[in-house]
There are 2 protein chains.
Amino acid sequence: MTIDTARMVQMANAIRALSMDAVQAANSGHPGMPMGMADAATVLWTEYLRHDPKAPDWADRDRFVLSAGHGSMLIYSLLHLSGYEQPTMDDIRNFRQLGSPCAGHPENFLLPGVECTTGPLGQGLAMAVGMAVAERQLNATFGNALVDHKTWVIAGDGCLMEGINHEAIGLAGHLKLGRMNVLWDDNNITIDGSTDLSTSEDIKARYEATGWHVVSCDGHDFDDIRRALDEARADERPSLIACRTVIGKGAPSKQGTSATHGAPLGDDEISAARELLGWDAKPFEIPEQVYADWRAGAAAQATARDEWQDRLNASADRKEFQRRMAGDLPANFSLDGYIQKLMAEPQKVATRKASEMALEQINHKLAETIGGSADLTGSNNTKAGGIGPFTADDYSGRYIYYGIREFGMAAAMNGMALHGGIIPYGGTFLVFTDYCRGAIRLSALQQARVIYVMTHDSIGLGEDGPTHQPIEHVQSLRMIPNLLVMRPADVVETAECWEFALRQKDRPTVLALSRQNLPQLRNAPDETDMVSKGAYCLKKAGNGHQVTLVASGSEVHVALECAEQLEKQGVGASVTSMVCTKLFDEQDAAYKAKTIPAHTLRVSIEAGTTFGWERYTGENGINIGIDRFGASAPASDLFEKFGITADAIVPQIMNKLNG
Amino acid sequence: MTIDTARMVQMANAIRALSMDAVQAANSGHPGMPMGMADAATVLWTEYLRHDPKAPDWADRDRFVLSAGHGSMLIYSLLHLSGYEQPTMDDIRNFRQLGSPCAGHPENFLLPGVECTTGPLGQGLAMAVGMAVAERQLNATFGNALVDHKTWVIAGDGCLMEGINHEAIGLAGHLKLGRMNVLWDDNNITIDGSTDLSTSEDIKARYEATGWHVVSCDGHDFDDIRRALDEARADERPSLIACRTVIGKGAPSKQGTSATHGAPLGDDEISAARELLGWDAKPFEIPEQVYADWRAGAAAQATARDEWQDRLNASADRKEFQRRMAGDLPANFSLDGYIQKLMAEPQKVATRKASEMALEQINHKLAETIGGSADLTGSNNTKAGGIGPFTADDYSGRYIYYGIREFGMAAAMNGMALHGGIIPYGGTFLVFTDYCRGAIRLSALQQARVIYVMTHDSIGLGEDGPTHQPIEHVQSLRMIPNLLVMRPADVVETAECWEFALRQKDRPTVLALSRQNLPQLRNAPDETDMVSKGAYCLKKAGNGHQVTLVASGSEVHVALECAEQLEKQGVGASVTSMVCTKLFDEQDAAYKAKTIPAHTLRVSIEAGTTFGWERYTGENGINIGIDRFGASAPASDLFEKFGITADAIVPQIMNKLNG
C-alpha cells in the first residue's frame, strides 16, 4: 500500500522529532543519521519490509539490521511507530538512561525487533551477510513455503570504510546473496567532517567490482526511493542502494554538517526544525493520524504471516523446523556412544584432529551445523561428516570456504546464529582471534551460539614462528564476559567440549586446539562429561598430597609427567585439567577447594602468558608459562627452549618444596 | 643494467632452488610463492629497487616489503644472492630452525634488510603505506636531496582479501602515495585451493575504484615485467602491478596447484624440477656466474648511495636528519617545565584532555611526531600543537585523518615507526583496540615506537553502552609482550606517561585515557617522573598500615576517597597508583614489597575485569572491578551501579578486616 505523500512526510518527520527530542533529553546521542534516513526508512518499513509488530520472532520475517547503530533512535522510532510492544514512549523518553531498553546502541538482548547488536562499525552489515546465508540454507532445506525472506540493512559511511566491509561484501557477492539489500546513507559526512578528509573512493564501483548490483536514489524523494528499492528487489545480486541524503535533514542551520552527527541539536535548533518540518506536536507526542498511518503500513506488511502460518501448520517439516528455530538439539543427540568407543580404544591425536573426529559424529547427527574455515580447511580440520560446500549454485551445502576473511567469517557466524535455525562453527589459527576479536566479543555480548575452532593454539605450532604462536591469546580471551574458552587435553575432552559447546544456547565457545599429537589421558568408561565444571582432578596424589599441578590442553600430559617424577621422589602430586576457567569460576567454594587444594603447592602449566594464573595458584604458587614472544623452530625444540617440560619444571617444584 | 635473458633465468632459478631445498630440509614452509614470483622479484631487485647490500640501513634506500611473508624464502634468497652479510648459506640451510635468522616468517629484528615482520596477512602492505607516508613527510621536510625513495611490496591473494587491505589502499589512494608500488602475485591459488572457492572479485577494478593505477604483466616474462614496472614507476598514483604467475613455477607435476603453497615438494618433485629448470647445482650451492650476476645487479642499484652520501655531508640539515633517523629525541627535550606549571596550578581535566595538553607541548618541541585519529579527532583530542593535516596536496602536514580505519591506522603507524625519522601516534576509543589488535601486537613484536592514544577507557564512557565500554581490554593488552599499557590517573601522570612513552625507542605504548574529568592528585614539585617504575605510593597510611589500595587511572581518586574514609575509621590505608603493570613487574622485589606490602590487606580497584589482579593483591585480597559487560547510562550512574565508589567499597574492606 502507498500512503499519500504529505502524510508520508509527517510519518518520516515523526522519526525526526523523536530522534532530536530523545537525544536532547539524554543530552547525548546521534540525531543526524535518523533525521537523514527518515524518509528512506519510512518507505522501507511500511512498503517493503515484511514484518509483524505482533510477532517480532516470526521465523520468516525479513531481517532488518541498522548497521550504523549509533543512529539507534531510528530503529527505536521505527519499532515504536510501527506498533511493537516495545519500546514504549516512556522507554524512548529514557533513551540512554539506566534500565531503558533504548540503549545508546541497539542491543538485541534488550528489544525484540532488534536483530543484532550494532555499535562497532561495519559488523552489522557483516552479520546481515550471515543472516542472508542462513536464509538461503534454510530455504534449501525447508523450501519456499517455510523460508523465503529478505535481509535489509541501513549502513553509513563508517560501515563501508571499515575493513570488515571488504570481507563481508566479498563473501556476499561471491555467494550471490541476492536477497540482501543494503541502503547506504550517502551523506558525505563522518565525525571528523566531510568524507573528503579521509577518502576518495568510488564506493559504487567497488561494490560492482565485488559482484554487487548498485542503484542510486534521492533519499528524500519517496518515489525515487521506491524505484530504487524495486530495482534492488528485482536484481539477482545483492544490492547496494546509495541513498543520497542530507545528514540531520530538517535542522535548518546544522543539516548537512557533522555538527548533527553525534551531539544534541540544542533547544533553539530543535524549535527551528519543528517550524521547518511543520511538526507541531510536543516532544514525545505523536499525532493520531501519524500513528494510524504507521500502523496501517505495518499491518499491510504483516498480512503474509497468516498465510505462512497456514503453510507451517500444514507442513510435514513443522516439528523439525520449529525445533531448529527454537535452537533445541534433537532429544536423542549425544556423543556418549562415540566417547565410549574412544575409552575402549585410546588414541594419540592432535586435538584439532580430535575435533574433526567429533565433527564427523556431530555433522551426521545435527543438520543445523554450518562449518567453515578462513582458508585453513586442512589445518583447522573443520570439514568433516560428509558436508558439502555452500555455494552460489548449491545453497544446501553446509561448508563455507570463507576465504582469507577471519573477521568477516566471525561476523557472518554471529548473523547465522542470531537468524536462528543454524549452529555455525568456523576455524582459523588461534593467533588470528586478534583479527576477529571484535566479532568474538559481539558473539558473547549478543549471547550467540557460535563455536570457534581455533587451532595451533601455542608454540606447538612450531616453525611458523612468533607471528603465528599465541602467547597472550588464550588468557586474554578468557577475560571476555560470557565467552567460554575451552582448551581440551586429549581426544576425549575434545569430544566433551564439543558437546558442551553445542548445548550452550546463549553463549559462544572458543575451542583452543593443538596442532601436535597428544596422548589420550582418560579411558574410564564411567568418567564422562568431566569438562562441565571447568576443571577436574585427573590424577590423584599417590603419596601425601603436597603438590597440585594445574594445566590445560597440550600441557596436561606434561603435568602428568611431572606428577610421575614427583611421586617417584616421594612427593604426592595431583593433576587438575583446567579445561575452562570461566566454568570453574562458576563452581562453589567446596568444589574449587577440592579440585585445587590451597594447602598444597599449586603449580600452573600452560604454554602461554603466566599473567592471571595467580588466581588459581595463589601467592606462593609456581606459574610455568611463556612471558615473551615465541620463536621459529620445530615444536619440540620450542617446548624445551621455553622450559615447558617435566625435566625443566620438576626441579623448580622440588626447590620450592625444599626452600 | 640489463642482464642477458638466459642468465636472468638462472638468477631466478637460484631463488627457486634455494626455496625448494630449504623448505625440504626444514620439512616445512612455503615453496610455491617464491618459485612463482622468482622472475618478477629478480627484475625488481636487480633493476628497480634502489638498495645497497653493504648498507642495509641506508636512510634513503627504497623500502621493500614482502607482505606475503609466508613466502619468506623469497626474501632470504634475495638478500643472500644480492650479497647482504646475512643470511649466510648456513642460515638458509637452517631455515626455520632454532637460532637461524631465517625464521618461518621474516622478522625485522632478526635480519637487516627485512623492513618489517610479515606473517599476519595483509599487514605488510598496510605497513608499507605507512612507510610511504613517512617518506613523503620527510621529503617535505628535508627535500629531494636527502629523502626521495620508493616503497615496493610483493603481496598475495591473502593480503588482498583481508579487510585491512581495503583500509590500507583506501588511505594510500586518498593520499596519492604514488611512490608506492605493489606487485600482486596473481596466481589464483589459496591454501584451500582455487581462489574461485571463495572470491569472485575483480581486484583490478576495486583498486581503480580506490584511486590506484593498475597494470598487468606476465609474471614470467622479464620484458613484460619491466614494461609494467616502468609504467608503475611513471604513474603519479600508487600502482598495483598484477603479475600473472604460476604458483610453484618449475615444479613439473605440482606447479599451479595449492599443493605447492605450504608444504615441501618432496625429493622426487625437486629432482624433476631441477631437470625442468636446467639447474645442475647441488642443494645450497649457487654457481659462480649466478652469484656474480646477482651481485652486479645489486651493485648497479647501489651506485646512488655515494651521491646521496655526498649530498648528506653537504647538507645544513645533516645533524637534524641523522638525529631523527637514529630515533633520538633532541637533547633538550623535556616536559619538566610544563609539569612544574601543572604542580603550581592544579587542574581537573579528563586524561584525554590532559593528553591533548601534553601534545600541545610535545608537538611544538618534536618535529618528528605525526598524529592522527580514526575519525574521532574531537574525542581523542589528538590534534594539538598547531600541526596541520597531511594531505595529498601538502605532505608537510603532521596530522592524518585516517578515516574509520583503526586497523589500517595502526599498521600504517608501524610502517612509519619502522621507516624511521617519525614518531607516530594515533587515537581511537580503547574498546576498538579489538579492531587493530593484530597491529598492536606487531608494534610490540617489531619493537616499534608507536603510541596509541586510546580514550574512553572504561564505563566512564557512559551512554554509548556495552559495545563501546572496555571491560577486558586494559588487562588483556597488558598481556602482550613488550607492550606498555599506561593508565594515568590525572593530568600530571598523563604528561609523565607521554614523556616516558616517547623515550622508549624499542617498545610501543598504549595510553588508556578517560573521557571524564579527573582531579589532579599530585602537586609536589619535587615528585616527578613517578610513573617510570610502573607503580608508586601516592598516599601513605596515616594510622597503622592495614590496607593498601592499588588502583589505576580514573579509579585512583576513588581509592583516595576510600583511604580517607578508612583513616576516619582508624584504619591506616595507603594508595598505590598502578600506572603500568609491566614496568612494575620489572622492578626488584624490595621495591614491589614496599609499594604493595604483603602484610596489609591489598585491594585493587579498576573499572574492568578483575581477572589477573590477584598477582598484586594475593589470595586474601579484594579485587574491585567489573566482570560483565557494561550498560548504557550516564557515567556516574554506571560507577554506582557497578559499585566502583568509595561508599560501595569501604564496607567490603571493613568486613574483611573484621571478618
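The paragraphs below take up the interface, the salt bridges, the cavities and a few backbone details. Keep in mind that this is a predicted model.

Start where the two chains meet. On chain B, 96 residues are in contact with 96 residues of chain A. Together the chains bury about 8,200 Å². Carbon and sulfur atoms account for 58% of that area. Polar links are there too: 52 residue pairs are in polar contact between chain B and chain A, both partners at pLDDT 80 or more. Helix 18 of chain B, residues 433-445, gives the most to the side that touches chain A, with 8 residues. By class, that side of chain B has 36 nonpolar, 34 polar and 26 charged residues.

Charged pairs also cross the interface. There are 10 salt bridges between chain B and chain A. In one of them, the side chain of B:R437 meets that of A:D434, at 3.3 Å from N to O.

Now widen the view. Over all chains, the whole structure holds 76 salt bridges. One lies within chain A, where A:D148 pairs with A:R179 and the closest N and O atoms are 2.6 Å apart. A:D148 sits in the loop between helix 5 (123-142) and strand 2 (151-155) of chain A, and A:R179 sits in the loop between helix 7 and strand 3 (180-186) of chain A, so this bridge ties together parts that are 31 residues apart in sequence.

Next, look for empty space. Rolling a probe the size of a water molecule over the atoms shows where such space is left. The search gives 10 cavities of 30 Å³ or more. Which residues line the largest cavity? From chain A come A:E162, A:G163, A:I164, A:E167, A:F407 and A:Y435. From chain B come B:E162, B:G163, B:I164, B:E167, B:F407 and B:Y435. Helix 7 (163-174) of chain A and helix 7 (163-174) of chain B are the elements that give two or more residues to this lining. By class, the lining has 6 nonpolar, 2 polar and 4 charged residues.

Finish with the backbone. A cis peptide bond joins A:Q86 and A:P87, with omega about 0°. A:P87 lies in the loop between helix 3 (72-82) and helix 4 (89-93) of chain A. In chain B, a cis bond joins B:Q86 and B:P87, with omega about -5°. B:P87 is found in the loop between helix 3 (72-82) and helix 4 (89-93) of chain B. One more residue deserves a look: A:N27, in the loop between helix 1 (5-26) and helix 2 (32-48) of chain A. Phi of A:N27 is near 60°, a positive value in a residue other than glycine.

Terms used
Residues are numbered from 1 along each chain as its sequence is written. Chains are lettered from A and ligands numbered from 1 in the order in which they are written. This is a predicted model: local features need pLDDT of at least 70, side-chain atom pairs count only at pLDDT 80 or more; totals for chains, interfaces and linings use all residues. Side-chain values use heavy atoms; hydrogens and water are left out. On a 1 Å grid over the protein atoms alone, a cavity is a set of points where a 1.4 Å probe fits but cannot get out, and a pocket is an open set with protein on both sides within 12 Å along at least five of seven lines; lining residues have an atom within 4 Å of a point. Grid points are joined across faces, edges and corners, and a volume is the space filled by probe spheres set on the points. Helices (H or I, at least four residues) and strands (E, at least two) are DSSP runs, numbered from the N terminus. Ala, Val, Leu, Ile, Met, Phe, Trp, Tyr, Cys and Pro count as nonpolar, Asp, Glu, Lys and Arg as charged, and the others, Gly among them, as polar. Contact means heavy atoms within 4.5 Å. Buried area is the accessible area (1.4 Å probe) that two parts lose on being put together, summed over both. A salt bridge is a side-chain nitrogen of Lys or Arg within 4 Å of a carboxyl oxygen of Asp or Glu. A polar contact is a pair of N or O atoms within 3.5 Å; within protein, one must be able to donate a hydrogen and the other to accept it, and residues adjacent in sequence count only if both atoms are side-chain atoms.
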